[in-house]
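Have the sequence and the model open side by side.

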Amino acid sequence: MTIEKIIVSGFGGQGVMGIGQLLTYAGMFDNKEVSWLPSYGPEMRGGAANCSVIISDDPIGAPNISSADHVIVMNEPSLDKFESYVKPGGHLFINSSLIKKPASRDDIHVHYFPVNELVAEFGNPRALNMIMVGGFNEVSETVTKESLEKAVEALYGKKKPEMLETNYKAMKFGGEKMMEASNV
């Protein structure tokens, strides 16, 4: 049985929910059982936001996550809150553009990924979550790249078809940059 438990956290407006939805949709396209549980405060942009994603070969009993295989943190308050959720041997993905302190644990794999700088290099400020999800999936291989592309099309294709190619390129760019950063 394969089960992947993922927490994504940051400020509203960083694409946290989008990352969770993309992984959930991609999991469905990979013929997995999925769960997506969003959580955010009354304020949207700028407020705290996080979501829990479970992708499994078997039915999922509950959407709650107390121990995660992977945690993506986009800001320092998220690191403070969710670093302890990473199970020993799990992976912590840190947006090192906004988080200047190191992870405090040595029993996990930590990936420092300067997403904001990479967005500037990529040239599209709206690509933040696409670059992060591309980098994340390059390491975790939680879903197939084909399913991740299908998820982008399913979620954004009707609303903004002109952005599909940019989103695909941003995910690929994120994957390449993560490989450079992590020597994966």
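Ser67 counts as partly exposed because its relative accessibility is 35%; buried means under 20% relative accessible area, exposed over 50%, and partly exposed in between, with a 1.4 Å probe and protein chains only. The model is a predicted one, in which local features need pLDDT of at least 70 and side-chain atom pairs count only at pLDDT 80 or more, while totals for chains, interfaces and linings use all residues. Residues are numbered from 1 along each chain as its sequence is written, and side-chain values use heavy atoms, with hydrogens and water left out.

Ser67 sits in the loop between β3 (48-56) and β4 (68-73). Helices (H or I, at least four residues) and strands (E, at least two) are DSSP runs, numbered from the N terminus. Leaving aside neighbours within four places in sequence, Ser67 is in contact (heavy atoms within 4.5 Å) with Lys5, Tyr85 and Lys87. From Ser67 to Ile6 the C-alpha distance is 9.0 Å, although 61 residues separate them in sequence.

Now to the helices. Helix α3 covers residues 115-122, and Val115, Leu118 and Val119 are buried in it. Seen down the axis of α3, these buried residues fall within an arc of 105°, so they line one face of the helix; the arc is that of the directions from the helix axis to the C-beta atoms. After α3 comes Gly123, with a positive phi near 95°.

Helix α4 (residues 128-140) packs against α3 at an angle of about 115°, and the two axes are 9 Å apart. Axes are lines fitted to C-alpha atoms, for helices over the stretch in contact, and angles run from 0 to 180 degrees between N-to-C directions. The two helices, α3 and α4, are therefore roughly perpendicular: angles under 35 degrees count as roughly parallel, over 145 as roughly antiparallel, 65 to 115 as roughly perpendicular and the rest as oblique. On the α3 side the contact is made by Val115, Asn116, Leu118, Val119 and Phe122, and on the α4 side by Leu128, Ile131 and Met132.

Helix α1 (residues 16-29) also meets α4: their axes come within 9 Å and cross at roughly 45°. That angle makes α1 oblique to α4. Here Gly18, Ile19, Leu22 and Leu23 of α1 meet Asn129, Met130, Met132, Val133 and Phe136 of α4.
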